[in-house]
Amino acid sequence: MKKLVLATAVAALSVTAAQAAPTVYGKAFLTLDVNTSKVKGGEREDGRFTLNSNASRIGFKGSEALTGNTDLVYQLEYGIDVDADQGKNFRSRDTYLGVSNKQYGTLLAGRLSAIDGRVDYANVTDGAVLGGDNVLASFDSPRANNTFAYVAPTYNGITASAMYTLDENASTDNLGRDAFGVAAQYEPENQPFRAGVSYIRAGKNNQFTRVSGAFDATPAATIGALYQHGKYAAGKENAFTVSGQLKTQTPWTAYTQVDVVSDVEGVKDADKQRLVVGGKYAFNKATTGHIYGAYLNNETGSGETKTEVRSAGIGGGLEYKF
């Protein structure tokens, strides 16, 4: 149940050396969503229903034996929009080439997600309502171009990793030149708890520390929590997430999540609170139905200059994995 993106990607490369052809995988996830918002003391702004493609993708991955204990590993993964063609189809997601040694670990190079010690159930929301499947913090593990990453072999349930990016251009989905990070994840076998921690520095002024964990209270119920501290040139940000998931004796799984963020993206007296509830219905191993709702309160300023915007949304859809 790993959320450490790079470690998960490497573990997923199950093609043996005898199978030179890559594994083809992906998912199509479409939802119908609507959001409404209202400024406190003002009129409500009703939104229109929108059809959204949520992290739909197609990928190719595989490995090839180089020596008795060393493999070449690769992944070519591309995001696609199922509902539209707006020049965003086949945009690169985690795409890399690397070498994996059973004794010394794995070295990857390419476009990679920022390392993250987060574990499952620290974030369970789906769809495109009021932030979608992201934690509410301004920084949420973007991908980095021209990046090297190292993932150490797992030892006593601990997996460590590190990354460094050479990219010269900073953007909304990239860390920028000379960004680096380290992370560790603890997932002991046959234990009901998991934990992770990560630190990323992007440029001179942006630093992010994240701690998360999950606990299986019962075979059907899991609770998770996440704390992230972000430091920017203009200030700091603190983000908290608490979530829970309950598997029923039917194909339904229910979940809820609460996010609280203070001093949003370095802006003083800016706070957000979000509540999400939803459910997933497993038609089979490949197909899942989704339904969810969310409420978001966004506050900026203080005293007479304080502005408060309240938003609500609902949505649902169908997800197919192959």
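What share of the contacts in the protein with a separation of 6 or more is accounted for by residues 24 or more positions apart? Such residues account for 53% of these contacts, a contact being heavy atoms within 4.5 Å.

This is a predicted model, in which local features need pLDDT of at least 70 and side-chain atom pairs count only at pLDDT 80 or more, while totals for chains, interfaces and linings use all residues. Residues are numbered from 1 along each chain as its sequence is written, and side-chain values use heavy atoms, with hydrogens and water left out.

**View 1. The aromatic pair of Tyr186 and Phe193.** Seven aromatic pairs are found in a search of the whole structure, where rings of Phe, Tyr and Trp (its six-membered ring) pair if their centres lie within 6.5 Å, and planes under 30 degrees apart count as stacked, over 60 as edge-to-face and the rest as tilted. The ring centres of Tyr186 and Phe193 are 6.2 Å apart and their planes stand at 40°, so this pair is tilted. Tyr186 is partly exposed at 34% relative accessibility (buried is under 20% relative accessible area, exposed over 50%, partly exposed in between; 1.4 Å probe, protein chains only), and Phe193 is partly exposed at 32%.

**View 2. The aromatic pair of Tyr227 and Phe240.** This pair is tilted, with 5.0 Å from centre to centre and 40° between the planes. Because Tyr227 lies in strand β14 (residues 221-232) and Phe240 in strand β15 (residues 235-247), the pair ties together parts that are 13 residues apart in sequence; strands are DSSP runs (E, at least two residues), numbered from the N terminus.

**View 3. An aromatic cluster.** Trp252, Tyr281 and Phe283 form one aromatic cluster.

Conventions: Helix = DSSP H or I, 4+ residues; strand = E, 2+ residues; numbered from the N terminus.
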